[in-house]
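Visitor: I am new to this structure. Please show me how to read it, one feature at a time.

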Amino acid sequence: MCPDGTTCHQNGECVRSTTGKFSCECVVGWAGNGKICGPDLDLDRWPDIDLACSDTRCKKDNCVRVPNSGQEDADHDGIGDVCDDDADNDGVPNTPDNCPLVSNPDQMDSDQDGADKKGDACDNCPTIPNLDQHDTDNDGIGDACDADIDNDGILNHEDNCPKKANPDQKDTDGDGLGDVCDNCPSMHNPTQTDSDKDLIGDACDSDIDRDRDGIQDSVDNCPKVANSNQLDTDGDGKGDECDPDIDGDGISNAQDNCMLVYNPDQADFDGNGIGDICQDDNDYDKVPNHLDNCPNNSKIFTTDFRTYQTVVLDPEGDSQIDPNWVVYNKGAEFVQTMNSDPGLAVGYDSFGGVDFEGTFFVDTDIDDDYVGFVFSYQDNHKFYTVMWKKGTQTYWQATPFRAVAEPGIQIKAVHSETGPGQMLRNALWNTESTDKQARI
């Protein structure tokens with residue numbers, strides 16, 4: 001039972017939100033609304049059976065043995081796409097269906113996209129080959145055939161940032177790249193080289209970082225105060241961590257009854273010390289606190305990995321391909337689909353001081369190489385990684401040193417002197433610490 005009298009299921013637990021309210025959640029291995037919980041075999045937060053409650057989370061999992069947190073079901077037959085042999089019900093099995101989620105019994109493919117063909121019915125550029133199907137502005141027209149990729153009103157051939165909206169076309173350093181997509185907006189660098197993949201071009205990458213928050217001083221909005229998320233609520237160029245008036249309403253943070261929301265009138269109808277405008281929504285992002293994953297950050301309210309940068313950790317040789325990721329459930333579920341070289345998918349959102357919870361699932365017994373995830377990524381030679389290995393294995397390339405992996409979970413602090421390449425590759429594989437590369 002919660003302190004406020006809320007009663008949770010025997011397989012539930014009481015959870016206190018950042019606003020002090022209590023609710024119930026089912027423990028790992030169980031799913032439901034917290035007040036009623038049922039078994040959850042695949043740990044995707046959907047119960048294996050229908051539960052006696054009206055909440056959405058009490059509905060039976062449409063793929064009991066395979067995680068599918070979004071419950072995607074293209075043909076609405078009650079069987080989730082990930083476990084439905086013919087997900088679009090067009091009479092053509094998913095393999096070899098060239099549109100497995102869109103009914104197209106004729107399998108028409110005008111542009112012959114390559115090995116992984118996309119039928120016209122699900123191809124966002126049906127007459128132009130575009131295997132990646134990128135659609136930057138999400139207008140349903142693939143980048144390969146979209147005359148205005150970022151939908152900013154400026155045609156691609158005239159746009160100095162064709163994939164990032166900038167109708168003003170501002171280009172401070174005159175290098176032909178608009179400021180919004182220039183990794184050194186104040187320094188001429190038309191090649192945009194970024195060797196360490198920290199989103200700062202080599203031409204202006206000093207790595208001087210006095211507060212050691214992973215953001216170099218030249219682009220840090222609080223260079224003397226650690227604030228890795230760089231949150232700047234009022235957009236005044238000064239990060240919240242060092243801004244005496246975070247919302248820019250003329251009232252100091254200590255006196256402001258809505259510190260994150262502009263409200264110079266300080267209206268507080270019920271006199272509880274919390275301004276009316278932020279009563280149940282601290283950051284005024286129109287998502288109530290109890291549904292907001294980041295209630296004090298108006299830029300982020302849910303987990304979303306639909307946009308990310310790919311970081312290759314072993315660019316040498318071609319013994320294996322680079323990783324391939326697919327995103328489901330509106331960005332909340334991330335799947336690596338290929339047996340590949342080591343690589344990372346790093347989201348663009350920056351967090352500070354968060355508890356992250358999720359399910360990690362290996363849905364194959366074909367291979368037993370490493371899998372894992374990273375956090376506190378600064379660049380391609382500085383990050384933390386959590387890695388899991390199923391069995392003992394010596395890496396098949398003994399150069400530059402013999403690397404042996406032992407089964408189990410390990411956490412490594414990676415601070416590689418060399419960055420991506422053979423040394424870092426073997427250091428990540430090796431269960432022991434490797435000098436000047438990675439520490440267990």
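Visitor: How many bridges join strand β13 to β14?

Guide: Strands of a sheet pair through backbone hydrogen bonds, either parallel or antiparallel. Here two bridges join β13 (residues 408-415) to β14, and the two run antiparallel. Two strands count as paired if DSSP finds at least two bridges between them. Val 414 stands opposite Ala 438 in β14.

Visitor: What should I know about the model and its numbering?

Guide: The model is predicted: local features need pLDDT of at least 70, side-chain atom pairs count only at pLDDT 80 or more, and totals for chains, interfaces and linings use all residues. Residues are numbered from 1 along each chain as its sequence is written, and side-chain values use heavy atoms, with hydrogens and water left out.

Visitor: In what order do the strands form the sheet?

Guide: Helices (H or I, at least four residues) and strands (E, at least two) are DSSP runs, numbered from the N terminus. Four strands make an open sheet, β9-β10-β13-β14, with antiparallel pairing. β9 (371-379) and β14 (438-439) are at the edges with a single partner strand each, so one side of each has no neighbour in the sheet.

Visitor: Which strands of the sheet does helix α1 touch?

Guide: Contact means heavy atoms within 4.5 Å. Helix α1 (residues 422-429) packs on the sheet and touches β10 (382-389) and β13. Its direction makes about 150 degrees with that of β13. Axes are lines fitted to C-alpha atoms, for helices over the stretch in contact, and angles run from 0 to 180 degrees between N-to-C directions.

Visitor: Is α1 mostly covered or uncovered?

Guide: Buried means under 20% relative accessible area, exposed over 50%, partly exposed in between (1.4 Å probe, protein chains only). Six of the eight residues of α1 are buried, among them Leu 424 and Trp 429. The buried residues of α1 pack against β10, β11 (393-394), β12 (404-405) and β13.

Visitor: How much area is buried between domain 1 and domain 2?

Guide: The size of an interface is often given as the accessible area lost when the parts come together. That loss is taken with a 1.4 Å probe and summed over both parts. Domain 1 (1-81) and domain 2 (308-439) come from an automatic or database domain assignment. About 650 Å² is buried between them, 41% of it from carbon and sulfur atoms.

Visitor: Which residues form the salt bridge?

Guide: A salt bridge is a side-chain nitrogen of Lys or Arg within 4 Å of a carboxyl oxygen of Asp or Glu. The count between domain 1 and domain 2 is one. Glu 357 forms a salt bridge with Arg 45, the closest N and O atoms being 2.8 Å apart.

Conventions:
Buried area is the accessible area (1.4 Å probe) that two parts lose on being put together, summed over both.
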